[in-house]
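Hi,

Here is the structure I promised to pass on. Have a look at it first, and then read on for what turned up.

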Amino acid sequence: MSTYLRKVFLLSFLFTLVSFLGQGQKSELLTHVEPPFWWIGMENPNLQLLLHGKNISAYNVTIQYPGVRLKKINKVRNRNYLFIDLNISKNTKPGMISIKFENEDHFFDYNYELKQKVKDSEIGQKITSADVIYLITPDRFANGNTLNDSTKDTKEKVKRNNEDGRHGGDLKGILDNFDYLEELGVTTLWLNPFLENNQSTYSYHGYAISDFYKTDTRLGSNEEYKALVDMAHKKGMKVIMDQVFNHCGSGHWWMEDLPSKDWVNQWDTFTKSNFTNIAASDPYVSNSDFNLLTKGWFDINMPDLNLENEFLATYMIQNSIWWVAYSKIDGIRLDTYPYPNKNAMSKWMEALTREYPDFYMVAETWAERASYLSYWNNDKINRDGYVSNVNSVSDYALYYSMLRAFGKNGDISELYKTLAEDFVYGNPENNKVFNGNHDVDRLLALLDNDVNKLKLSMVFTLTTRGIPQIYYGDEILMKNRRPDGKVRQDFPGGWKDDDRNAFTKEGRTTEENDLFEYVKTILNWRKNASSIHKGKLVHYQPIDNVYVYFRYTNTENTMIIINNSDKDYTSFKLARFQESLEGYSQGKDILSGKKFDTLKQINLAKYTAMVIDLAK
């Protein structure tokens, strides 16, 4: 070998060795890079990377990649963090960006991937009044993979006999029972959070997130969640992701090494939120009440995130958009919407809709009056100058009205009066209407185990204005009261050793099958009911606890009659509703199948409802 070739070989070897040694520092010095990857072609060309590693701020950072510009390197008080601002031009090609880190003693490269943005047409099928949302607590629905019940990388292990413990339900369990969901007739799935909750106890519910980019391994993987969304789309269904901006879990990796003291809201002693949602919009609110709502901790294991910190606000916004782009979900439910900094939340909505116009987002807004909720669902600037940009709210006002209407000695005028307040909303048709969820007693329990009243509630929820949502298991008479672990009970048959399998007709009792078929009938009829999807609502003042309303378009008309009284009407006269019956002479009740050759009077049994498709 010539001297020249020896020198070339030696230099090449030394270069490779140095590069290898430099790369070897990566695992020690750079422990987190988030978002883990990104996309070209986004409407917002700016990206901020969170870098975490031992003394990482002591390194100089350089990037050389066509179309990518390093705008700014941001250092914070904690020297283990860097926030670097990138600008990604429209003409940038997909590939690996080499980010170079160098100081006096070391250098290393980190390869950061830029992917091609998924076509907008493949993301965010619009969720509308044509849909019915089915809420599932993943740990409690079905256990499809017993091998991940307890995992090495998570602290809490499975203990099914503990109502507050992990029971082993997972994403595969949901995938395995798509046939049940299809038969029932729901169109959209909303899962309580599936991201990692690495707490020692009480981690099953999902709201104490310890890694915003990682599916909890006891539920599955990111790839399995994406597969669930893909399966839903293949079956003509949609998926809503439950996201949390207000707090994280105390087991989050950054809690042991916060970027800055103001990353979370900190108090001299543990201070809980007052949970008074209306404090966020109250024009006369005291500073102490407002601060308790927006800065108090949700629980001792749920540190309150401070979205006034711009780095954290950007982090959360990017995380939200990342999950939309990665998994192709169709909507987001945002937990405890009024609790975080509301200006940051408004910016999030702007950023989300900039990337995905008309993307569905429903805010959890727990307040009992429409006037409180209208602050968030408003097509005008609020009196204090605030614009929420929210396009859907959880209609707690209507939920509590349902309980008053269908509860013991209830008056159905409660529904009439609440709907009469819809003028306060910007878009009431987009409100999420529900008769149960994971935070309240089971519907049947609240209605004193009266199945007939539960049926009336189902009819109203699924035929009034708005986007309806039901809670898993209510369709098979689940009836537990709180604490939370009891109302988030296991679905019978979701575990191989269960005594029965309520996912099948044979595994349900006669009473369960009766309700299941009742709800199934409404849901499957509803799929093609344009009067419900697009129709206007006109209702009539209830008399003697009977409520009559119509959903209609120019070509379709449906009359809903809810007899909430203890009286049978053998000749319930329809003359009072003539203005809505004009041009129609016949009808068919979709619940009983009974046909009406005239529309002058009908027989109406106590505590029953009719959903009558009208014909000319």
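**Across the sheet: H5**

Helix H5, which covers residues 222–234, lies across E10 and strand E13 (238–243), and runs at about 145° to E13. Before going further, please keep in mind that this is a predicted model.

Sorted by class, the contact of H5 with H7 holds five nonpolar, two polar and two charged residues.

**The parallel sheet**

So which sheet do E10 and E13 belong to? They sit in an open sheet of seven strands, in the order E15-E14-E13-E10-E9-E17-E16, with parallel pairing. Strand E15 (360–363) and strand E16 (432–434) are the edges: each has a single partner strand, so one side of each is left without a neighbour in the sheet. From one strand to the next, the twist averages 25°.

Strand E9 (residues 133–136) runs parallel to strand E10 (residues 188–191), and four bridges join them. Leu135 has Trp190 in E10 as its bridge partner.

**The antiparallel sheet**

There is also an open sheet of six strands with antiparallel pairing, in the order E18-E19-E20-E25-E22-E23. E18 and strand E23 (595–596) are at its edges with a single partner strand each, so one side of each has no neighbour in the sheet.

Look for His539, which stands opposite Tyr549 in E19. The hairpin of E18 and E19 has two residues between the strands, and Asp544 there takes a positive phi near 55°.

**H13 and its two helix partners**

With helix H15 (residues 510–526), the angle is about 15° and the axes are 11 Å apart. That makes H13 roughly parallel to H15, and H13 passes H15 in a right-handed crossing. The H13 residues in this contact are Leu454, Lys455, Met458, Val459, Leu462 and Thr463, and from H15 come Asp514, Leu515, Tyr518, Val519, Ile522, Leu523, Trp525 and Arg526. What classes do they fall into? The contact of H13 with H15 divides into 10 nonpolar, one polar and three charged residues.

The axes of helix H10 (residues 396–406) and H13 come within 10 Å and cross at roughly 145°. This crossing of H10 and H13 is right-handed too. Here Leu398, Met402 and Phe406 of H10 touch Lys453, Leu456, Ser457, Phe460 and Thr461 of H13. By class, the contact of H10 with H13 has five nonpolar, two polar and one charged residues.

- Glu34 to Pro35 is a cis peptide bond, with omega near 0°. Pro35 is in the loop between strand E1 (32–34) and strand E2 (38–40).
- Arg482 to Pro483 is also cis, with omega near 25°. Pro483 is found in the loop between strand E17 (467–471) and helix H14 (484–487).
- Asn55 is not a glycine, yet it has a positive phi of about 55°. Asn55 lies in the loop between strand E3 (46–52) and strand E4 (60–63).

**The chain as a whole**

How many helices and strands does the protein chain have? It has 17 helices and 25 strands. Its radius of gyration is 27 Å, close to the 25 Å that the globule rule gives for 616 residues, so the chain is as compact as a globular protein of that length. Taken along the principal axes, its C-alpha atoms fill a box of roughly 110 × 55 × 50 Å.

Cheers

Key:
Residues numbered from 1 in each chain as written. Predicted model: local features only at pLDDT ≥ 70, side-chain atom pairs only at ≥ 80, totals over all residues. Heavy atoms only, no water. Pairing = 2+ DSSP bridges. Axes fitted to C-alpha atoms, helices over the stretch in contact; angles between N-to-C directions. Contact = heavy atoms within 4.5 Å. Parallel < 35°, antiparallel > 145°, perpendicular 65-115°, else oblique. Left-handed = near helix turned anticlockwise from the far one by under 90°. Nonpolar A, V, L, I, M, F, W, Y, C, P; charged D, E, K, R; others polar. Rg over C-alpha atoms; globule rule 2.2 N^0.38 Å.
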